[in-house]
Amino acid sequence: MVNTMSETSFEYNYSAKQQKEIEAIKKKYLPKEEDKLEILRRLDRSTERPGMIISLATGILGSLMLGFGMCWITKKQREKVADKILALSQELAS
């Protein structure tokens with residue numbers, strides 16, 4: 001805001017962008033007052049968080065178990081057929 005005054009006129013410049021910036025800075029330093037809507041939002045988030053944590057943990061553990069299980073099954077299957085594969089590959093190479 002700029003106020004300039006001469007003997008014959010008055011000039012006032014208003015900047016909405018500047019006022020918004022001033023209010024944003026001022027709001028950082030004012031004590032936080034939580035209104036009912038903000039309390040409602042916080043309570044709603046607190047009800048969703050435990051379910052999200054359990055879902056993520058279950059998904060991660062399930063993926064790890066699936067990967068480990070696939071590796072273990074594959075290793076066991078290779079051990080079962082290793083002798084036959086080695087014998088056949090030796091016959092074909094000769």
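These questions and answers set values from a predicted model against the cut-offs behind their labels.

Q: What makes up the chain, and in which order?
A: The chain has two helices and two strands. Along the sequence the pattern is β-β-α-α.

Q: Why is Thr-47 called exposed?
A: Its relative accessibility is 55%. Exposed means over 50%. Therefore Thr-47 counts as exposed. Thr-47 sits in helix 2 (residues 36–93).

Q: What makes the pair Thr-47 and Asp-44 a polar contact?
A: A polar atom of the Thr-47 side chain lies 2.6 Å from the backbone oxygen of Asp-44. The limit is within 3.5 Å, so 2.6 Å qualifies.

Q: Why is Leu-61 called exposed?
A: Its relative accessible area is 52%. The cut-off is over 50%, so Leu-61 is exposed. Leu-61 belongs to helix 2.

Q: Which residues make the nonpolar surface patch?
A: Met-52, Leu-56, Ile-60, Leu-61 and Leu-64 make it, and the patch covers about 540 Å². Patch members need over 30% relative accessible area. Leu-61, at 52%, passes that test.

Q: Why is the pair Glu-34 and Arg-42 called a salt bridge?
A: Their side chains meet at 3.1 Å, N to O. The cut-off is within 4 Å, so the pair counts. Side chains of opposite charge can pair when their charged atoms come close.

Q: Why are Glu-34 and Arg-42 called partly exposed?
A: Glu-34 has 43% relative accessibility, and Arg-42 has 39%. Buried is under 20% and exposed is over 50%. Both values lie in between, so both residues are partly exposed.

Q: What makes Glu-38, Arg-41 and Arg-45 one network?
A: Arg-41 and Glu-38 form a salt bridge at 3.7 Å, N to O. Arg-45 and Glu-38 form one at 3.7 Å, N to O. Salt bridges that share partners join Glu-38, Arg-41 and Arg-45 into one network. Arg-41 and Glu-38 are three residues apart in helix 2, about one turn of the helix. The count for the chain comes to three salt bridges.

Q: Is Glu-38 buried or partly exposed, and why?
A: Glu-38 has 27% relative accessibility. Buried means under 20%, so Glu-38 counts as partly exposed. Of the 94 residues of the chain, 1% count as buried.

Notes. Residues numbered from 1 in each chain as written. Predicted model: local features only at pLDDT ≥ 70, side-chain atom pairs only at ≥ 80, totals over all residues. Heavy atoms only, no water. Helix = DSSP H or I, 4+ residues; strand = E, 2+ residues; numbered from the N terminus. Buried < 20%, exposed > 50% of the residue type's maximum accessible area, 1.4 Å probe, protein only. Polar contact = N/O pair within 3.5 Å; in protein donor to acceptor, adjacent residues only side chain to side chain. Patch = residues over 30% accessible without salt bridge, like charges linked within 9 Å, V, L, I, M, F, W, Y side chains within 5 Å. Areas by Shrake-Rupley, 256 points an atom, 1.4 Å probe, with all protein chains shown as cover.
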